[in-house]
Amino acid sequence: MKKNSRWASLYMALVLLLLYLPILVVVLFSFNANPGRTANFQFEGFSLQWYEDLFDPAAGYGAALSSSLVLAFWSVLLSAVIGTLGAIGLTRRRARKGLLARAGASALSAGEHLAMLPIMIPEIILAIALMALFSAIRLPFGMVTLVLSHVAFCVPYIYITVKGRLATLDPALEEAARDLGASPAKVLWTVTLPLAVPAIVSGCLLAFAMSMDDFVISFFVNGPQTTTLPLKVYSSVKVGVPPHVNALCSVMLAAAFLLVALGQLVSSGSLRRRRRAPVSG
Amino acid sequence: MRRPREGSGRRRELMALPMSLYAALFVGVSLLYVIGLSLFTRGDGFAAQPPLTMGNYGRIASPLYLRSLLQSLRLAFWTALLCLGIGYPFAYFMAKSRPRARTWMMMLLIVPFWTNALIRIYGWKILLSASGPVNAALQFLGLVQRPLKLLYTDGAVLVGMVYAMIPFMVLPVYSNVERMDWSMVEASRDLGASPLSAFLTVTVPMTLPGILAGLVLTFIPSIGLFFLSDLLGGSNTMLWGNMVHNELLKSRDLPFAAALSVVLLALTGLVILLYRRAGGKTENMVF
């Protein structure tokens with residue numbers, strides 16, 4: 001396999017530059033002294049005023065951030081439990097004998113396919129479906145409907161990452177624990193779950209990012225008191241372009257970069273530990 | 001020793017019950033409910049009432065909606081194609097980079113994707129505006145006299161769409177190229193194939209699963225993303241997602257909005273069916 005030519009590296013750098021161009025522009029304009037609202041995007045000197053505006057309680061950004069965080073917390077927690085249990089239950093299934101058992105197995109397969117649908121169909125379909133369902137059962141729109149909806153699309157991310165990890169585990173590990181007399185519950189708690197933890201964590205991180213980022217579904221199932229950050233950004237951008245949106249976006253970008261860097265640090269640290277393990281042990 | 005283990009296996013499957021029940025209620029029932037709603041007549045306020053009718057689907061078969069559908073499909077088609085054109089070489093080169101560079105590339109690619117989609121689209125709004133950096137650069141270089149109208153055009157929507165979707169092309173192609181057996185390519189080169197013909201007759205067919213998955217993953221969401229055309233598009237950019245959004249929140253016609261989403265659901269099903277027919281696997285669609 002040949003190494004990349006200089007042209008290939010140039011091409012990659014160019015694509016990455018284009019990928020970051022809009023982000024850099026947002027950060028740059030967050031320091032723009034020009035208060036121009038709709039059409040004026042000229043740069044007129046350095047200012048930190050828009051960052052100060054963010055801390056003004058009247059602007060409602062603090063409230064939006066806290067509803068986003070509360071929403072992401074509950075959605076990730078619930079979907080981590082549901083998705084992990086699902087992955088453990090559905091990894092390495094045996095073929096069933098008997099009509100009833102086979103019917104049960106195919107019902108579970110159908111459930112698995114249904115659970116994966118939210119990330120395969122356009123978001124707007126699930127959004128209108130959930131909105132219609134909630135209004136049919138007269139569930140008031142608010143944090144409860146938001147969490148119920150976010151769990152629906154967070155479960156697949158956790159399920160897929162955990163199931164992928166479990167499928168690579170050596171079945172002999174669990175069998176050995178069973179042969180040594182551990183009960184199924186104990187095997188699950190002391191062998192399977194600890195081995196699945198890295199996958200559960202990365203699935204949760206992904207689900208957290210998706211929940212914090214979601215706009216389309218939240219847009220349809222939110223209540224008057226539960227404006228999340230993406231909804232706040234949308235309404236600000238839609239109305240005009242108040243310059244503190246730039247500051248808000250820059251802060252959100254910095255948080256995303258920090259999270260990713262942290263994740264990278266954690267995973268590279270654990271990799272090194274794993275590589276060192278056979279030598280020291 | 002066999003019996004208790006089989007029993008525990010069955011009990012273990014029951015652990016998937018919460019997930020199946022949750023999906024059955026909030027995905028299965030809600031989608032069936034929407035399909036049912038689409039057959040009703042509009043009621044007072046935000047409601048549906050009998051009689052049962054196919055009238056909502058009849059309304060969709062009018063020039064206004066067919067034009068919107070065509071516009072959405074065309075945009076989704078070009079989005080998928082451009083993502084392939086730009087993303088394939090990127091993924092290919094990335095897979096051929098040194099491991100260390102590869103990790104960095106992957107991180108640089110994923111980070112923007114972790115940040116809010118609205119923010120990135122908003123960045124394009126600044127870039128493309130009449131007094132924005134792109135126009136300023138064009139004027140500075142003397143290429144144009146007056147600012148071009150870049151924002152609020154179909155082109156702007158396409159740019160934003162490709163931008164939002166490109167990771168979904170790069171990731172499946174990358175994981176495919178990375179696992180590819182390079183000795184096949186070397187063998188074809190040894191047998192006298194030119195680099196180009198080796199690429200076209202060996203590499204492309206071997207990475208076809210990644211290409212297909214990428215095409216589906218970029219095509220399907222492009223039909224439904226209403227906020228993108230809302231922020232970057234002109235007043236005549238009416239994509240299918242915008243139609244659903246408008247009927248639901250402006251006209252508050254629940255049954256008709258339901259019918260519009262059923263059409264979108266059917267289209268999605270058709271695309272996934274074609275994908276499966278072409279030999280695509282569902283596993284390749286998720287990471």
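This is a predicted model: local features need pLDDT of at least 70, side-chain atom pairs count only at pLDDT 80 or more; totals for chains, interfaces and linings use all residues.
Me: How many helices and strands does chain A have?

Reply: Chain A has 11 helices and 0 strands. Read along its sequence, the pattern is α-α-α-α-α-α-α-α-α-α-α.

Me: What share of chain A counts as buried?

Reply: Chain A has 281 residues, and 41% of them count as buried.

Me: Can we work through one residue? Is A:C204 buried or exposed?

Reply: Count its neighbours. A residue is buried if 20 or more other C-beta atoms lie within 10 Å of its own. A:C204 has 21, so A:C204 is buried. Find this residue in helix α8 (residues 184–213) of chain A.

Me: Which residues does A:C204 touch, leaving aside neighbours within four places in sequence?

Reply: A:C204 is in contact with A:V76, A:A80 and A:I158. A:C204 and A:S47 are 157 residues apart in sequence and 37 Å apart in space, C-alpha to C-alpha.

Me: Which residues touch the most other members of the largest nonpolar core?

Reply: They are A:A127, A:I128, A:V155, B:A91 and B:L118, in a core of 155 residues. Helix α8 (residues 154–178) of chain B gives the largest share of this core, 16 residues. Domain 1 and domain 2 of chain A both give residues to the core, so the core lies between them.

Me: What does A:A127 touch, not counting residues up to four places away in sequence?

Reply: A:A127 touches A:V216, A:I217, A:F219, A:F220 and A:V221.

Me: Where are the two domains of chain A?

Reply: Domain 1 covers 21–54 + 230–264, and domain 2 covers 69–227. Their C-alpha centres lie 34 Å apart. In the contact between these domains, 5 residues of domain 1 meet 8 residues of domain 2. Helix α10 (residues 229–239) of chain A supplies 4 residues, the largest share of the domain 1 side. By class, that side has 3 nonpolar, 1 polar and 1 charged.

Me: How do I read an interface between chains?

Reply: The size of an interface is often given as the accessible area lost when the parts come together. Here we can count residues instead. The contact takes 76 residues from chain B and 70 residues from chain A. On the chain B side, helix α2 (residues 17–37) gives the most, with 15 residues. The chain B side divides into 54 nonpolar, 16 polar and 6 charged residues.

Me: And how do I describe a pair of helices?

Reply: Two packed helices are described by the angle between their axes and the distance between the axes.

Me: Which residues meet between α11(B) and α14(B)?

Reply: From α11(B) come B:L212, B:V216, B:F219, B:I220, B:I223 and B:G224. From α14(B) come B:L264, B:L267, B:T268, B:V271, B:I272 and B:Y275. By class, this contact has 10 nonpolar, 2 polar and no charged residues.

Terms used:
Residues are numbered from 1 along each chain as its sequence is written. Chains are lettered from A and ligands numbered from 1 in the order in which they are written. Helices (H or I, at least four residues) and strands (E, at least two) are DSSP runs, numbered from the N terminus. A residue is buried if 20 or more other C-beta atoms lie within 10 Å of its own, exposed if 12 or fewer, and partly exposed in between; C-beta atoms are placed from the backbone. A nonpolar core is a set of buried Ala, Val, Leu, Ile, Met, Phe, Trp, Tyr and Cys residues joined through C-beta atoms within 7 Å. Domain bounds come from an automatic or database domain assignment. Two residues are in contact if their C-beta atoms, placed from the backbone, lie within 7 Å. Ala, Val, Leu, Ile, Met, Phe, Trp, Tyr, Cys and Pro count as nonpolar, Asp, Glu, Lys and Arg as charged, and the others, Gly among them, as polar.
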